[in-house]
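Have the structure open while you read.

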Amino acid sequence: MSVKVALVTGAGQGIGRAIALRLVKDGFAVSIVDYNIDTARQVAEEIVKAGGQAIAIKADVSNRDEVFAAVEETQKKFGDFNVIVNNAGVAPSTPIEDITPEIIDRVYNINLKGVIWGMQAAIKAFKSFNHGGKIINACSQAGHTGNPELAVYSSSKFAVRGLTQTAARDLAPLGITVNGFCPGIVKTPMWEEIDRKISAAAGKPAGYGTEQFAKRITLGRLSEPEDVAACVSYLAGPDSDYMTGQSLLIDGGMVMN
């Protein structure tokens, strides 16, 4: 049986790294795609040293050509392509009055366009192998309910959720499922930066923002990246074959639908 092949964007750190490590554990060969090639290489080396299959590729997901090139390199290297995890994202703190055109462009180019380019590149790859596949998009609990001071990020994740639903309907005839995963507050470098900005805006020390958000978590603790990776493992595996168009909340009970 041939090894299944997955590509994970933003896999050089945080949630993306945890997803890549989990998929390797699940038996996938994984392409570690990141804007920062140094961190991508570190993750790939960690996987290879442990006996797994991985390559590191530098790509800016807001650049369509770079995303297509990353998928093409992955399918050439491993001889197949089965799953894409469009995980890369940015989340600047944006009080409504402080939103600038530059912030909107940056967040939407990465969080939304990056997902679209990833989906397009994956569809092309699946078709070239004459089989279906799985597209998994990073959404957020902030894509289910507006988060304070995260207007641009929240709106970009609402957009990803809508995109996931439409793509699921459009791509079902090709045997492609499209789902999303919606983390809450995860202990990652990205969250530390959000906390720093929200805390500073409130005139409080670092940690204040986390404390305020944590009050909304039913399970009473912040998420580890591995919690999210477990959800993605399900979406990437055969147990989710009959699921499409869903954006699964894995947020400790912050949002309940």
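Which residues touch the most other members of the largest nonpolar core?

1. Keep in mind that this is a predicted model. In its largest nonpolar core, which has 38 residues, Phe 81, Ile 135 and Val 178 touch the most other members. Strands S1, S2, S3 and S6 and helices H3, H4 and H5 each put in at least two residues. H4 gives the largest share, with eleven residues. There's also a second, separate core of 31 residues, and Leu 23, Val 24, Ile 47 and Ile 136 are among its members.

2. Now look at H4 (residues 101–128) beside H5 (residues 151–171): their axes come within 10 Å and cross at roughly 20°. Angles under 35 degrees count as roughly parallel, so H4 is roughly parallel to H5. The crossing is right-handed.

3. What sits where these two helices meet? From H4 the residues include Ile 104, Tyr 108, Leu 112 and Met 119, and from H5 they include Tyr 153, Lys 157, Val 160 and Leu 163. By type, the contact has 16 nonpolar residues, three polar and one charged.

4. Last stop, Ala 56 in strand S3 (residues 54–58). Is Ala 56 buried or partly exposed? Partly exposed, because its relative accessible area is 25%. Beyond its neighbours within four places in sequence, Ala 56 contacts Ile 32, Ile 37, Ala 40, Arg 41 and Ala 44. Asp 38 is 18 residues away from Ala 56 in sequence, and their C-alpha atoms are 8.9 Å apart.

Note on methods
Residues numbered from 1 in each chain as written. Predicted model: local features only at pLDDT ≥ 70, side-chain atom pairs only at ≥ 80, totals over all residues. Heavy atoms only, no water. Axes fitted to C-alpha atoms, helices over the stretch in contact; angles between N-to-C directions. Helix = DSSP H or I, 4+ residues; strand = E, 2+ residues; numbered from the N terminus. Parallel < 35°, antiparallel > 145°, perpendicular 65-115°, else oblique. Left-handed = near helix turned anticlockwise from the far one by under 90°. Contact = heavy atoms within 4.5 Å. Nonpolar A, V, L, I, M, F, W, Y, C, P; charged D, E, K, R; others polar. Buried < 20%, exposed > 50% of the residue type's maximum accessible area, 1.4 Å probe, protein only. Core = buried A, V, L, I, M, F, W, Y, C linked by side-chain atoms within 4.5 Å.
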